[in-house]
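Q: I have a protein to go through for class. Can you take me through it step by step?

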Amino acid sequence: MNTLAFKLLNPNSFKLKVNPLLQPFNVIKELLLFKGIPYEIWIPDYNKETTQWNYSFIEMGFCRGCNFQDVYLLTHILKDFGLTFIYPSKDNTKEIFLGTNINCLENPENLALRKPMHIQDFFDIDPKLKIEEIIDLFSDYPYSNDQGYTKEEMQQFDKEYWEGSGEEYSEEDTFDALTDGQLGDYEDFEGNMDDVKAWAGLD
């Protein structure tokens, strides 16, 4: 857990919207509540187009009005929960959408300003750059075959990769996310998860 990222994050600089269909939603929800990061429940309007999509990985879109340093910090916080792709949205608001599905839409360029970037490449970005400079680092549309983002390739990509990438979040994962080490190690804790949630103010 990136404790420094929580200390530096300004949750008032953005409006976080979280898709409850994500596999690790409950763990993410409890972590956000415990850390005092406000969020809203949100399901994409286009979700009906993507009923076969696997929510075991996470895609996140950030709007151009966001403070990018906070987008960058939030990415570090969420990387342990399966955050895989990040992209700039066309909207000029301060919203961040966690759990989007644009990679499997027919025309993702209608929603995204640039192609989603893999998280490992995203971490190479200097967060001190201006938002316009950052957006220029993302690749342009249309999707190209060599990137594996066409509809047919995404279907194969989904079958071979995403279906095997989902993680099951155990009680120990929840314990670590909520306590951040303040109650010691999970193996040494003598209480139960109800005790942890009461300690975290979630009961």
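A: Start with a term: a residue is buried under 20% relative accessible area, exposed over 50%, and partly exposed in between, with a 1.4 Å probe and protein chains only. F68 has a relative accessible area of 3%, so F68 is buried.

Q: Where do these coordinates come from, and how are residues numbered?
A: This is a predicted model, in which local features need pLDDT of at least 70 and side-chain atom pairs count only at pLDDT 80 or more, while totals for chains, interfaces and linings use all residues. Numbering starts from 1 along each chain as its sequence is written, and side-chain values use heavy atoms, with hydrogens and water left out.

Q: What is the mean pLDDT of the protein?
A: The mean is 78, and 73% of the residues reach 70 or more. pLDDT is the predictor's confidence in each residue, from 0 to 100.

Q: Over which residues is the pLDDT below 50?
A: One such stretch is residues 143-149, with 19 contacts in the model beyond near neighbours in sequence. Another is residues 157-168, with 20 contacts counted that way. Contact means heavy atoms within 4.5 Å. Where pLDDT is low, the predicted coordinates should not be read in detail.

Q: OK, new topic. How many helices and strands are there?
A: The protein has 8 helices and 6 strands. Both are DSSP runs numbered from the N terminus: helices are H or I with at least four residues, strands are E with at least two. From the N terminus on, the order is α-β-α-β-β-α-β-β-β-α-α-α-α-α.

Q: Which strands does β1 pair with?
A: Strand β1 (residues 15-18) pairs with strand β5 (residues 95-98) in the parallel sense, over 4 bridges. Strand β1 also runs parallel to strand β2 (residues 39-41), joined by 3 bridges. Two strands pair if DSSP finds at least two bridges between them.

Q: How does the chain cross from β1 to β2?
A: The chain passes through helix α2 (residues 25-35), in a right-handed β-α-β crossover. Right-handed here means that, with the strands pointing away from the viewer, the path from the first strand over the helix to the second runs clockwise.

Q: Back to burial. How much of the protein is buried?
A: Of the 203 residues, 47% count as buried. In helix α3 (residues 68-78), 10 of the 11 residues are buried. Among them are D70, V71 and H76.

Q: How many aromatic pairs are there?
A: The structure holds 9. Rings of Phe, Tyr and Trp (its six-membered ring) pair if their centres lie within 6.5 Å; planes under 30 degrees apart count as stacked, over 60 as edge-to-face and the rest as tilted.

Q: Which kind of pair do W42 and F97 make?
A: Their ring centres are 4.9 Å apart and the planes are at 50°, so the pair is tilted. W42 sits in the loop between β2 and β3 (58-62) and F97 in strand β5, 55 residues apart. Both residues are buried.

Q: What about F68 and Y72?
A: F68 and Y72 form a tilted pair, with 6.2 Å centre to centre and 50° between the planes. Both lie in helix α3, 4 residues apart, about one turn of the helix. Y72 has a relative accessible area of 12%, so Y72 is buried.

Q: Which cluster are they in?
A: Ring pairs link F62, F68, Y72, F122, F123 and F138 into a cluster.
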